[in-house]
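Please take me through this structure stop by stop. I have it open in a viewer and want to know what to select next and what is there.

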Amino acid sequence: MDLVPYLAALSALAGLGLAGFFYQQVTKESPGNDRMVELMTAIQQGARAFLRREYRWVAIFVAIMAVLIFALLDYGRPWGAIAYVLGALLSAVAGFIGMDIATKANARTTQAATIGANKALPLAFRGGAVMGFTVAGLALFGISMSYLVFVEWLDVKHSFEVVTAFGLGASSIALFSRVGGGIYTKAADVGADLVGKVEAGIPEDDPRNPATIADNVGDNVGDVAGMGADLFESYGGSIIAPIALAAFISAITVDNAPEFFVYPLAVAAVGMVASIIGAFFVKAGDSLDSHDLSKALHRGTNVAMAITVLGVVALGYVFFNGLVDDTLTGGEGTGSLVIENWWGLSVSVIGGLIVGYAIGKVAEIWTSGDFKPVKQIAKQSETGPATTVLSGISAGMISVGASVALVAIGVGVAYWGGESMAEGLGVYGIAVAAVGMLATTGVVVSVDAYGPISDNAGGIAEMAHLDPKVRQVTDSLDALGNTTAAVAKGFAVGSAALTALALFKAFQASLLKEGTVLSLDVGKVEVFIGLFLGAALPFVFAALTIDAVGRAANQMIEEVRRQFREIPGLREGKEGVVPEYAKCVDISTAAALKEMLIPGGLAVVIPLVIGFIDVDALGGFLAGALVVGFCLAIFMANAGGAWDNAKKYIESGHHGGKGSDPHKAAVVGDTVGDPFKDTSGPAMNILIKVMTIVALIFAPAFV
């Protein structure tokens, strides 16, 4: 068992090595003509400038949190604070690397699209794979090294709480990156669409539109850097949660059963190796048919999942077969566990993997143009924007039912798997199910990051005035990208529910360790008040982020209108007349940095305030936020994806095609869905985990 953290670290380095290999493969391809290089450079400079400014702001927050951990917690001096800063630093690095390669892969994908989808799809995927394997590699390497340093080498006091602080650091960056990047990208997107396509009647990504560069920059800072930080946090949190939980199971210690502490690392290592193998199976033919493209892109995920299933079964046998019929006792008066079946946790992990895949498929059914919900929204657009919006809302809401049912099944199967191994391991089974759900994060993020690269590629094709056939290829890739993004969000939100539950149980056990029994009796007034406050917070958080997008978009719309009005020949496309792109980039940047502070701060401040007042109220608060936040996240992600692809379905020639009244109605639906799917919805799963992990880390200070 002593070798497992080392093997996990080696698998992480292998993932980082693959990211480096794909980086070289992508950058050696041609970025196209001078105009394409000019556009690529402008997008890259805008994205880098935003991230630098965002990270400077977030660094202040990280410094304040590190001081709080150092001052309020015994284990925070200095190890907890160091682990927290390390988690934040690695998350920021992963986001920056992903953004950097995405801004280099976009023009190269456009150039590859001049040859065909068989060249463009693998190139966009490899660009996304740099992000995917950087995220998974840095997260797994950081956690493995934290385990080795704090648990094994230094054997620091409260070592597992210190490892948990690494997860809070990752969560801090993820929250602000998702919110800030989401506000940036959607302010630009909404402004560009409403003035460009609806008012001015010009195509999407037309170079005459002053907001196009800001829109393309937004794809990279929101959908790549923000998404990367999000999945870094989700993946890292899923590994940390069962390790933290094992530390609070009284019958288990590092000495009598080290298997339970390193098992999550082993599952992650198997998933990493499986993802590396799966990444080489993504190849495409010449067809632009969505089914063929989808099969080509998802082949890598399917191969990785199959290998992971086999690996997890083997891990279960190697780790736990020798413990069968043993009785684990942590010490006098601490209780005991009788190990009955070696395969129990394998069932939990595989159940989590399958449920994660199933939630992704549900997202695909409700967001892909191949299925009825999106086609129904497109049909409703014939009667105007109101019915378009209503049908999208109902589609998002109904999708919640299927996702919740799947999570309930997953929780039940995972709990049964843990209990079948030993009575008392049910919640640990749920925790490792989240690891299973995100075991193939490397390839899942690769498929997700492929989307914004394809989107940028289409924008560059339009702005560089390339052959319409090139835009046809990039549009086909982009439509698939909207669906893959919804699938990845399904994985992230599903794992958030399981991880938050495990962290909540660890929080409860941490309080018990300090001599305080957490009450969740809703008949108790403190719990009841906390429950309602927790249920309300996701709505308040969503409102704040949507309002932020609305205010920023309003500034963007006025600026685009001003330029069309005051720059002679711009709207008509007179030769030599160029929009003032930089002003739109500045508007999105300033608005995003200003607006992200309050929603991001709420996730940390409110649990701390409630926790210092009453821990029972905090328990109710976390329970309410978890349930409502999960449902709201699924609703917003799927509704937004459905509106977006309904618009693309019409643009492909249905219901009147581009420029028709149904198309204008669908654009309105898409703009409503933009902050749903790319700002508020994705940030919701980070919100519920940040609040739970804050409660866990500061539990000793509360009592």
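Start with helix H4. Of its 37 residues, 29 are buried, so the rest of the structure largely encloses this helix. Keep in mind throughout that the model is predicted.

Select residues 117–153 to see all of H4. How far apart are its end C-alpha atoms? They are 50 Å apart, which agrees with the 54 Å that 37 residues should span at 1.5 Å a residue. Now go to Gly 128, where H4 bends by about 25 degrees.

Stay in H4 and pick Tyr 147. Is Tyr 147 buried or exposed? Its relative accessibility is 1%, so Tyr 147 counts as buried, the cut-off being under 20%. Show its neighbours next. Leaving aside residues up to four places away in sequence, Tyr 147 touches Pro 5, Glu 152, Phe 160, Val 163, Ile 243, Phe 261, Val 262 and Leu 265.

Step just past the end of H4 to Asp 155. This residue sits in the loop between H4 and helix H5 (159–200). Asp 155 has a positive phi of about 50 degrees, although it is not a glycine. With a relative accessible area of 57%, Asp 155 is exposed.

**Another positive phi**

Select Asp 325. Where is Asp 325? Look in the loop between helix H8 (290–320) and strand S1 (327–329). Asp 325 is not a glycine either, yet has a positive phi of about 75 degrees. Its relative accessible area is 65%, so Asp 325 is exposed.

**A cis peptide bond**

Move to Pro 78, in the loop between helix H2 (34–72) and helix H3 (79–113). Select Arg 77 with it. The peptide bond from Arg 77 to Pro 78 is cis, and its omega is near -10 degrees.

Then go back into H2 and pick Ile 60. Ile 60 counts as exposed, because its relative accessibility is 52% and the cut-off is over 50%. Ala 552 is 492 residues from Ile 60 in sequence, but 23 Å from it in space, C-alpha to C-alpha.

**Helix H17**

Select residues 597–613, which make up H17. This helix has 17 residues. From first C-alpha to last it reaches 24 Å, close to the 24 Å expected at 1.5 Å a residue. Where does H17 bend? The bend is at Ala 603, by about 35 degrees, and Pro 607 follows within four residues. Colour the buried residues of H17: Pro 599, Gly 600, Gly 601, Ala 603, Val 604, Pro 607, Leu 608, Ile 610 and Gly 611.

**Aromatic rings**

How many aromatic pairs does a search of the whole structure find? It finds 20. Phe 635 belongs to helix H18 (residues 615–651) and Phe 676 to helix H19 (residues 661–697), so the pair ties together parts that are 41 residues apart in sequence. Phe 635 counts as buried, at 12% relative accessibility. Phe 676 also counts as buried, at 12%.

Next, select Phe 260, Tyr 263, Phe 319, Phe 320 and Tyr 428 together. These five residues form one aromatic cluster. Then try Phe 564. Arg 571 lies over the face of its ring, 5.9 Å from the ring centre.

**Last stop: Thr 671**

Return to H19 and select Thr 671. Its relative accessibility is 9%, so Thr 671 counts as buried. What does its side chain reach? The side chain of Thr 671 reaches the backbone oxygen of Val 668, at 2.7 Å. Show the contacts too. Not counting residues up to four places away in sequence, Thr 671 touches Val 190, Asp 193 and Leu 194.

Conventions:
Residues numbered from 1 in each chain as written. Predicted model: local features only at pLDDT ≥ 70, side-chain atom pairs only at ≥ 80, totals over all residues. Heavy atoms only, no water. Helix = DSSP H or I, 4+ residues; strand = E, 2+ residues; numbered from the N terminus. Expected span 1.5 Å × (residues − 1). Bend = angle between axes of the 7 residues up to and from the residue. Buried < 20%, exposed > 50% of the residue type's maximum accessible area, 1.4 Å probe, protein only. Phe/Tyr/Trp six-rings, centres within 6.5 Å; stacked < 30°, edge-to-face > 60°. Lys NZ or Arg CZ within 6 Å of the ring centre and 35° of its normal. Polar contact = N/O pair within 3.5 Å; in protein donor to acceptor, adjacent residues only side chain to side chain. Contact = heavy atoms within 4.5 Å.
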